[in-house]
Amino acid sequence: EHQISISNSCHENIMNLLSSRNPSSFEEAKEYLEGNSSVEHQCFENSLGHVSNENAVRNCIASSKDNFNQKIFSPTVVYIVKFKRSQRSFTPGQQVPRDLKIGCYVKVEADRGEDLGIVINCMSIGRYNSSRSSFRCGSENACDLSLKTHSSVSSTMSTTSDLKRIVRLATNDEVTLLSYKSEEERELLKVCQEKVRQRNLPMNVTDAEYQFDRHKLTFFFESEGRVDFRELVRDLFSMYKTRIWMQQLDKNSAGTLGFSTQGGNLCFGN
């Protein structure tokens, strides 16, 4: 936290120097940058060397700040966030408080947008890395199982960077909207079930779930075999104008099989 405070103060002071438009401010900014952060100084030397104009100073500051933040904000903990029918692993973003509590509602990065869920568990990076290979999910959970095992610190950073991030704490108004979202999902389920009956498809649609930002709509279903639901998905897409995801509940392996489409083009998803 002390390092972060120094960094923010350093950048603020440098930008104040530049805003003065005084020719000597460029050299003064350079000296301030070199004197207050070894990380930024190293980036400064590697990227630009001697600064002679305002644009170069600004580019140097932006580059060094990105380099500094990457080192300061490397995650040390992984949070498990639960949604209506799934739970996934996330690392905290820069706007997330360090004392994030279990039971908090959070906004997270999601499929082409953002979603809202509740924190149900957390673990250290080391524990996450050692457990992910053997971690298994129930029939209603979607977990991060695609990460390969790594042993070095650099590999650990690479692994956690594959995880999406918690963006921030959810507001009270956003949490309140979850009840309205649930009501909407019940109506969506009825519509989908009726479409299935109309098309006489051998499938039982059991639930519906909207991504919080409405960029994705998932229907959960059971079936004994493969189902050609392309026309069903086209119907749903024409009605709701969002990405439609059909999630099959696999009774045999207690997992899920995902199928998605947008605009009527069928594809398989992880």
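## Cysteines

The structure holds 0 disulfides, a disulfide being a pair of cysteine sulfur atoms within 2.5 Å. Cys-192 has 0% relative accessibility and counts as buried. Cys-104 is partly exposed, its relative accessible area being 22%. Buried means under 20% relative accessible area, exposed over 50%, and partly exposed in between, with a 1.4 Å probe and protein chains only.

## Basis of the model

This is a predicted model, in which local features need pLDDT of at least 70 and side-chain atom pairs count only at pLDDT 80 or more, while totals for chains, interfaces and linings use all residues. Residues are numbered from 1 along each chain as its sequence is written, and side-chain values use heavy atoms, with hydrogens and water left out.

## Aromatic pairs

A search of the whole structure gives 2 aromatic pairs. Phe-83 and Phe-90 form an edge-to-face pair, 6.1 Å centre to centre with 70 degrees between the planes. Both Phe-83 and Phe-90 are buried.

The ring centres of Phe-221 and Phe-229 lie 5.7 Å apart and their planes meet at 75 degrees, so this pair is edge-to-face. Both Phe-221 and Phe-229 are buried. Rings of Phe, Tyr and Trp (its six-membered ring) pair if their centres lie within 6.5 Å; planes under 30 degrees apart count as stacked, over 60 as edge-to-face and the rest as tilted.

## Charges over rings

The charged end of Arg-85 sits over the ring of Phe-220, at 4.7 Å from the ring centre. Over the ring of Trp-245 sits the charged end of Lys-216, 4.4 Å from the centre. A charge sits over a ring if NZ of Lys or CZ of Arg is within 6 Å of the ring centre and within 35 degrees of the ring normal.
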